[in-house]
Amino acid sequence: MKIITLEWKNNRIKLIDQTGLPRKLEYIYIDKLGDLWQAIKLLKVRGAPALGAAAALGVYLGIKDVKAKSFGAFAKKLDQVTRYIAASRPTARNLFWGLERIRQVVRKNKNENLFTLKKLILKEARKIIEEDRLSCRSLAGYGSKLIKDGDTILTICNAGILATIDYGTALGVIYRAKKVGKRIKVFACETRPLLQGSRLTAWELKQGDIDVTVICDNMAATLMQQGKIDKVIAGADRIAVNGDTANKIGTYNLAVLSQYHRIPFYIAAPASTFDLAAKSGKDIPIEQRNPDEVRKLLFKKEVAPAGVKVFNPAFDVTPHNLISAMITDKGIIRPPYNKNIKKWHA
Ligand code: MRU
């Protein structure tokens, strides 16, 4: 299956405009920082690991034409650019991690000339892309061992190829399990309000020839009650050091339901999603989005009275005690997370 979510091509970012899916698979080309900011804000590119790569490439777009006379002047511009990108979406740790990776490269090479610094920034952004490709494969390898032949897995939002550079996190586990011969069925929560589950997850799983069934978000409990779900696997946008995990709104519901029905609930995420500065979920900023996402179906058909009050957080926080294990690119982390995340990270 060849889906290229995002790449650096001919001096531009080439990415799938995910707002067009599943109706059309369209690539857009971005060579201006402002356009990238909009693409992130509007979820043309989305998913934590993909946002890390996009942010890093965005820094290059923002500084490539800068003509600074001193390192200080360049550093000032770099700071402006990274702050601007950081203001696009607050929750995904990877976005900030991508920006920090670039800042570090600049700090380490402050004696280089402007031409070399720019080259090093692009090189680092491309390295992030390559690393994500490898880390998803590695995560999938660990995760697939938790899956049994014949399992039916419930997932939410899109933590697949479209949310990463390649293969995905939660969906990567499913791709690998299938590759090693396990028969897997997937239920995808449609994921209101922007329908990443039905538009994106169902689309990419169908491309990958995986047996997928879409449900409305409020059908998950019934499925579990009927004994139809063996495991739940979700991605993550930011994981605190105690294991509390922010992911797409509705993930917490699934975790609560899983505990009640005694179904293993897994979070799949690479190291770049962990925020060791966040002690608990309380330290994770949650994005509030445009009320029209809820009032209108995909901004078109009105499904609520115009101007009605809306609550629209893009993410929720699943408390660590509801998470059976975390599937990462460096292995499986089990509770107690407070101890084991620090140990794993050391
Ligand atoms: O608002 P989105 O579509 O960017 O939300 C994405 C998610 O919640 C994903 O589950 C998460 O980023 C993990 S992607 C591997």
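This is a predicted model: local features need pLDDT of at least 70, side-chain atom pairs count only at pLDDT 80 or more; totals for chains, interfaces and linings use all residues.
Hi everyone, thanks for coming. Let me start with helix 2, which covers residues 48–63. It has 16 residues, and from its first C-alpha to its last it reaches 23 Å, close to the 22 Å expected at 1.5 Å a residue. Now, is helix 2 enclosed or open? Of its 16 residues, 16 are buried, so helix 2 is largely enclosed by the rest of the structure.

Next, its partner. Two packed helices are described by the angle between their axes and the distance between the axes. For helix 2 and helix 5, which spans residues 114–144, the axes come within 9 Å and cross at roughly 165°. Anything over 145 degrees counts as roughly antiparallel, and the two helices are therefore roughly antiparallel to each other. For those of you who care about handedness, the crossing is left-handed.

Which residues make this contact? From helix 2 we have Pro 49, Gly 52, Ala 53, Ala 56, Leu 57, Val 59, Tyr 60 and Ile 63, and they meet Lys 118, Ile 121, Leu 122, Ala 125, Ile 128, Ile 129 and Asp 132 of helix 5. By type, the residues of this contact are twelve nonpolar, one polar and two charged.

Beyond residues up to four places away in sequence, Leu 154 touches Phe 187, Cys 189, Ile 215, Ala 220, Met 224, Ile 229, Lys 231, Val 232, Ile 233 and Leu 254. Take Leu 254 from that list: it sits 100 residues from Leu 154 in sequence, yet their C-alpha atoms are 9.0 Å apart in space.

Leu 205 is part of helix 7, residues 196–207. Here too the relative accessibility is 0%, and so Leu 205 counts as buried. Setting aside neighbours within four places in sequence, Leu 205 is in contact with Leu 171, Tyr 175, Val 186, Ile 210 and Val 212. Between Leu 205 and Val 186 there are 8.7 Å, C-alpha to C-alpha, for a sequence separation of 19 residues.

Last one: Lys 14, found in strand 2, residues 12–16. Is this lysine buried or exposed? At 14% relative accessibility, Lys 14 counts as buried, because the cut-off is under 20%. Apart from neighbours within four places in sequence, Lys 14 is in contact with Thr 5, Leu 6, Glu 7, Lys 9, Tyr 27, Ile 28 and Tyr 29.

That's my tour, and I'm happy to take questions.

Notes
Residues are numbered from 1 along each chain as its sequence is written. Side-chain values use heavy atoms; hydrogens and water are left out. Helices (H or I, at least four residues) and strands (E, at least two) are DSSP runs, numbered from the N terminus. The expected span of a helix is 1.5 Å times one less than its number of residues. Buried means under 20% relative accessible area, exposed over 50%, partly exposed in between (1.4 Å probe, protein chains only). Axes are lines fitted to C-alpha atoms, for helices over the stretch in contact, and angles run from 0 to 180 degrees between N-to-C directions. Angles under 35 degrees count as roughly parallel, over 145 as roughly antiparallel, 65 to 115 as roughly perpendicular and the rest as oblique. A crossing is left-handed if the near helix is turned anticlockwise from the far one by less than a right angle, and right-handed if clockwise. Contact means heavy atoms within 4.5 Å. Ala, Val, Leu, Ile, Met, Phe, Trp, Tyr, Cys and Pro count as nonpolar, Asp, Glu, Lys and Arg as charged, and the others, Gly among them, as polar.
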